[in-house]
Every structure is written in structure tokens, then in C-alpha cells.
Amino acid sequence: MTTAPWTAVPDQRGRRFVVTGATSGIGLLTARVLVHRGAEIVLGVRNEEKGAAAAAAMTGPGRAVVEKLDVSDLASVEAFAERIGDVDVLVNNAGILGVAQGTSVDGVELHLATNHLGHHALALRMLPRIGDRVVVVSSNSHRHGELDVTDLGWTRRTYKPYAAYAASKLANMLFMLELQRRLTEGGSTLRVTGAHPGSTATAITASSGHGFFSWLGSWGHQLVGMPVWRGALPTLYAATMDVPGNSYIGPHGPGEFMGWPTMVGRSASAADPALARACWDASVELSGVGLSRR
């Protein structure tokens with residue numbers, strides 16, 4: 001791959017995508033561009049009113065439809081997966097950052113439930129009806145993540161919001177690694193790709209409830225980071241370009257903070273096959289969803 005400016009998203013007419021968390025930030029821009037390039041997009045959103053407003057503002061030869069989805073709620077995930085039908089690409093994008101300690105309706109720590117576990121369950125439930133790939137939107141923060149598969153709920157350790165977020169982003173990376181391994185081993189042609197937006201001005205940190213992260217989201221990224229359309233490019237590349245499974249796309253610049261989409265590295269933990277299998281097993285136990293035969 002080159003690190004020259006890339007904005008040439010291929011024509012997507014005749015293709016169908018699901019994008020989670022598509023009412024703001026990376027998810028909204030990803031869906032908007034894909035509609036502009038002719039795709040049909042299912043916006044998986046918690047707030048259907050915001051979803052309808054987002055869909056109405058999208059222009060192009062494609063179209064956007066809105067479906068209720070709360071990825072932190074496993075019953076909502078199951079219902080969504082059952083009614084969506086066939087798709088080419090699933091973009092697992094929705095996320096939260098730096099929220100106070102709490103649990104989902106299923107009793108799972110909120111970062112893990114929203115950023116990883118719900119997307120694990122969604123991808124595996126939809127897998128028999130996905131034609132091309134699953135895209136995992138992670139974060140460079142995965143490099144700071146430490147995943148204790150024996151204490152995913154932070155019941156033994158002192159809870160730290162950013163540490164919980166980083167751990168959930170590491171779980172995203174491990175999911176990509178292990179799902180691709182299992183698909184390849186089973187002879188499937190499906191691929192799992194990943195992306196991260198670098199330093200991008202989105203709303204994810206502005207509503208964290210944490211003073212520093214809220215300031216960072218409102219001002220810091222806007223001052224020194226990329227606009228959202230630039231931050232969405234790695235996700236669009238991972239979703240539409242011909243890259244191998246387990247490819248991870250991010251900005252090409254120093255520290256992967258800014259730049260154009262390119263293949264980027266990952267932490268040693270994110271490439272650890274034993275940790276990936278342990279994370280997979282813990283996720284199956286928590287979600288009740290494993291990999292069915294295709």
C-alpha cells in the first residue's frame with residue numbers, strides 16, 4: 001500500500017452493509033460515503049429518531065434504512081441479527097469511552113459489553129448471511145490494553161475507565177485475529193479486517209462523563225487531530241478495498257495519529273494467539289454465542 005492521499009472509495013452499487021453506531025462520528029461518515037457510492041446501508045442505532053435524521057440527510061444513488069440496535073444488550077443484538085437478512089459487509093463501529101463503572105442489562109461491564117461483546121455476538125449471529133467481510137473498528141488505545149480474561153467485569157481490580165476502554169479495544173483486535181483464524185481453518189473465504197481512526201475529532205470522548213476525556217473530545221482532537229471524514233477513511237478502506245483477512249488499517253503518520261490509510265502494526269498482546277483463544281472462549285461464555293458451521 002502507498003501512503004498517498006486516498007479518497008477513491010470504489011463504486012458500491014449492488015452491495016449491502018450494516019454499520020453500527022451510525023448516528024455520529026466515524027459510523028455516520030462511513031455510512032454517508034457508502035450511500036454516496038451507491039450502497040444500501042442498514043444503520044444499526046440505539047436512537048431511531050437520530051437514525052432517521054441521519055438517513056434522511058444522506059444523498060447519492062444508494063439508500064439508508066434504520067433498524068433498532070443496542071449492541072450492549074444481547075437480546076437486542078439477537079433480534080437485530082434475525083431480521084436483517086443478507087449483507088455483504090458488517091462494520092462493527094459503535095463504541096463508548098471513559099464512562100463510569102457500570103454494567104449492561106446482561107450484567108457485563110459497559111465498555112466490554114458495548115465495544116466488544118455485543119459486536120462478537122452480532123458478527124457470529126450474522127455470519128451465515130455475510131457475503132464478504134466483517135470490519136472491526138478498534139483504536140490505537142489497544143496498545144495500552146491489558147485483558148484479564150478471569151476478571152472481565154473488573155470485580156477484583158480497581159476500576160479505571162480508560163483502562164477498561166483500552167482492554168475492550170484489545171478485545172476487538174483479538175476477536176479479529178481469532179475469527180479470521182477459525183474462518184480460514186474452516187475453509188471459508190470470508191475475511192475479517194480492522195481499522196482505527198487515529199486522532200480524530202468525534203463525539204465519543206465528548207460525552208464520557210470524565211473531565212479530561214470530555215475536554216479532549218471537544219477541543220483536543222479538533223486542535224491537533226483530523227476531521228471526521230479523514231478519520232473515517234481507514235474504516236472505508238478496510239470495508240471496501242481488496243486487502244487480506246486480519247489486515248489492520250490506520251493513518252500512516254508518526255504514531256498513527258494522522259495520515260492516509262495504510263497497513264499498520266499492532267501490540268504484541270493483540271497478536272497473541274493464546275490470548276485470542278482465551279478471549280474468544282470467555283466471550284462465548286458471556287454471550288452464549290459461538291461460531292456455527294457455515
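Which residues line the largest cavity? Select Glu-109, Leu-112, Glu-146, Leu-147, Asp-148, Leu-152, Trp-154, Arg-157, Ala-164, Ala-167 and Ser-168 to display that lining.

The model is predicted, so local features need pLDDT of at least 70 and side-chain atom pairs count only at pLDDT 80 or more, while totals for chains, interfaces and linings use all residues. Residues are numbered from 1 along each chain as its sequence is written, and side-chain values use heavy atoms, with hydrogens and water left out.

A cavity here is a set of points, on a 1 Å grid over the protein atoms alone, where a 1.4 Å probe fits but cannot get out; lining residues have an atom within 4 Å of a point. Points are joined across faces, edges and corners, and the volume is the space filled by probe spheres set on them. Two cavities of 30 Å³ or more are found this way.

Stay at the largest cavity, which holds about 60 Å³. Colour helix H5 (residues 161–185): with three residues, H5 gives the most to this lining. Helices are DSSP runs of H or I, at least four residues, numbered from the N terminus. Now colour by residue class: the lining has six nonpolar, one polar and four charged residues. Ala, Val, Leu, Ile, Met, Phe, Trp, Tyr, Cys and Pro count as nonpolar, Asp, Glu, Lys and Arg as charged, and the others, Gly among them, as polar.

Next, select Asn-92, Asn-115, His-116, His-119, His-120, Val-136, Asn-172 and Phe-175, which line the second largest cavity. Its volume is about 50 Å³. Show helix H4 (110–126), the source of the largest share of this lining, four residues; H4 and H5 each supply at least two. By class, this lining has two nonpolar, six polar and no charged residues.

Key: On a 1 Å grid over the protein atoms alone, a cavity is a set of points where a 1.4 Å probe fits but cannot get out, and a pocket is an open set with protein on both sides within 12 Å along at least five of seven lines; lining residues have an atom within 4 Å of a point.
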